[in-house]
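Colleague: I would like to learn how to read the features of a model like this one, going through them one at a time. Could you give me the general idea each time and then the case at hand?

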Amino acid sequence: MELAQEEQDMLDGKYGEAVKQSMNILVSLGEIFGAKRLINIASVQIAGVSYHNLGEAGLDYLSDLARDGKVRVLTTLNPAGMDMENWETLGISPEFAEKQIKVIDAFKRMDVIATCTCTPYFIGNNPHFGEHVAWSESSAVCYANSVLGLKTNREGGPSALASALTGKTPEFGFHLDENRQAEITIEVKAKIQTIPDFGALGYAIGKKIGKKIAFIKGIEKASVEQLKSFCASIATYGGTALFHMEGITPNKTDIPQEFVEVSQEDIDNAKKDLNDDDAEIDIVAIGCPHLSLKEVEDVARMLDGKKVKKEMWVCVARPVKQTAENMGLIKIIEDSGAKIACDTCMAVAPLKGRFKGLATDSAKGCFYGRGKNSFKTKFATIHELIEEATK
Ligand code: F3S
């Protein structure tokens, strides 16, 4: 791979140890994937922030980099294992909290914006159409590529951090326009209207086509919130990092002549698969991916004057919470007994053993609730979830 003089200096250690280590990672990746050069990036989103996933080895790695590393571009963080301010209310142990705080402190020393959310595009990590970025977190990557028209590979935590510390990424995969064309056309012949409908659609398409890039026809309209839910689901159940939706997403693509149909039966079956008949619900969680301000407003309106009788988490980025607080929405939600969870979610928090059954409107939430926390799941609309929590 050809390096510019500054990049070679980074690799030779002239910019410090953290930059040298980072450049080593990026050059190795570039060579493995056949990149010809490194390119500049506009922003970074780093996943793998929970101490639950990182463990002691991960914390040591971050602390080493933080000795002399500083990020060179706007860099935000994915959810951590707990709400960084309100962890006690959410039942997190002091031992876990101590470790999680050390992880976040290491990121802060590197000048990372320590707002831990999987919807960084709601809090200002929002480069313009066509820019190259280095994001990790499967739903955010899919949203960045497909909805925002950014260009990113599906980075891991270490490669995203390496890009943040150097401002570079190797040019391969989704950074090249020839790799961003649709490979298969999906004809949707089902009613897709609610957030769970979009989640079920992502599940059905993901299961049918895996990582292929879809050109999706038959969706009349989709809100930002519905697309957020769809991205999380298709990336979880298929592994794709990019799709095109006719008349809705901004990227240009050729239209493939290989067709796959998604029927109403596929959507109904997806919903059936995400619902466990024997689920005894003891936690209701909304906000996977983290809620938009409009969704917080909707939830507040639905909870107004009600009392929840089960544990209920409303997961949201802290700056969105702060705006919602100014609008009086957080008080309404908290008066109902529901808990606001910033910086974290029901999948990355260490909840295994504390609850048995999760009710959520997120298809991705069902996957991780089952896989990581051994929950049984109920998949429903926000209206139905609030009924479940208050009955
Ligand atoms: Fe975000 Fe957690 Fe869901 S990281 S996408 S809220 S599983």
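Colleague: In what order do the strands of the open sheet of four strands lie, and with which pairing?

Modeller: Strands here are DSSP runs of E with at least two residues, helices are runs of H or I with at least four, both numbered from the N terminus, and two strands pair if DSSP finds at least two bridges between them. In this open sheet of four strands the order is 10-9-8-11, with parallel pairing. Strand 10 (243-245) and strand 11 (259-263) are the edge strands, each of them pairing on one side only. On average, neighbouring strands of this sheet are turned by 25 degrees against each other, direction ignored. Please keep in mind that this is a predicted model, in which local features need pLDDT of at least 70 and side-chain atom pairs count only at pLDDT 80 or more, while totals for chains, interfaces and linings use all residues. Residues are numbered from 1 along each chain as its sequence is written, and side-chain values use heavy atoms, with hydrogens and water left out.

Colleague: How many bridges pair strand 8 with strand 11, and which residue stands opposite Lys189?

Modeller: Strand 8 (residues 184-189) and strand 11 pair in the parallel sense over five bridges, and Lys189 has Ser263 of strand 11 opposite it. Helix 7 (residues 195-209) packs on the sheet, touching strand 8, strand 9 (214-217) and strand 11, and its direction makes about 145 degrees with that of strand 11. Such a contact means heavy atoms within 4.5 Å, and angles run from 0 to 180 degrees between N-to-C directions of axes, which are lines fitted to C-alpha atoms, for helices over the stretch in contact. Helix 9 (residues 264-274) also packs on the sheet, touching strand 8 and strand 11, with its direction at about 60 degrees to that of strand 11.

Colleague: Which strands stand at the edges of the open sheet of five strands?

Modeller: That sheet has the order 4-3-2-5-6, with parallel pairing. Strand 4 (113-116) and strand 6 (154-155) stand at its edges, each with a single partner strand, so one side of each is left without a neighbour in the sheet. Strand 2 (residues 43-46) and strand 3 (residues 74-77) run parallel and are joined by four bridges, with Leu74 in strand 3 as the bridge partner of Ser43.

Colleague: At what angle do the axes of helix 2 and helix 6 cross?

Modeller: The axes of helix 2 (residues 17-32) and helix 6 cross at roughly 120 degrees and come within 8 Å. Angles under 35 degrees count as roughly parallel, over 145 as roughly antiparallel, 65 to 115 as roughly perpendicular and the rest as oblique, and helix 2 and helix 6 are therefore oblique to each other. Their contact is made by residues including Val19, Met23 and Leu26 of helix 2 and Pro158, Ala162 and Leu165 of helix 6.

Colleague: Is Ala341 buried or exposed?

Modeller: Buried means under 20% relative accessible area, exposed over 50% and partly exposed in between, with a 1.4 Å probe and protein chains only. Ala341, in strand 14 (residues 339-342), is buried, with a relative accessible area of 0%. Not counting residues up to four places away in sequence, Ala341 touches Asp83, Leu90, Trp313, Val314, Cys315 and Val316. Val314 is also the bridge partner of Ile286, in strand 13.
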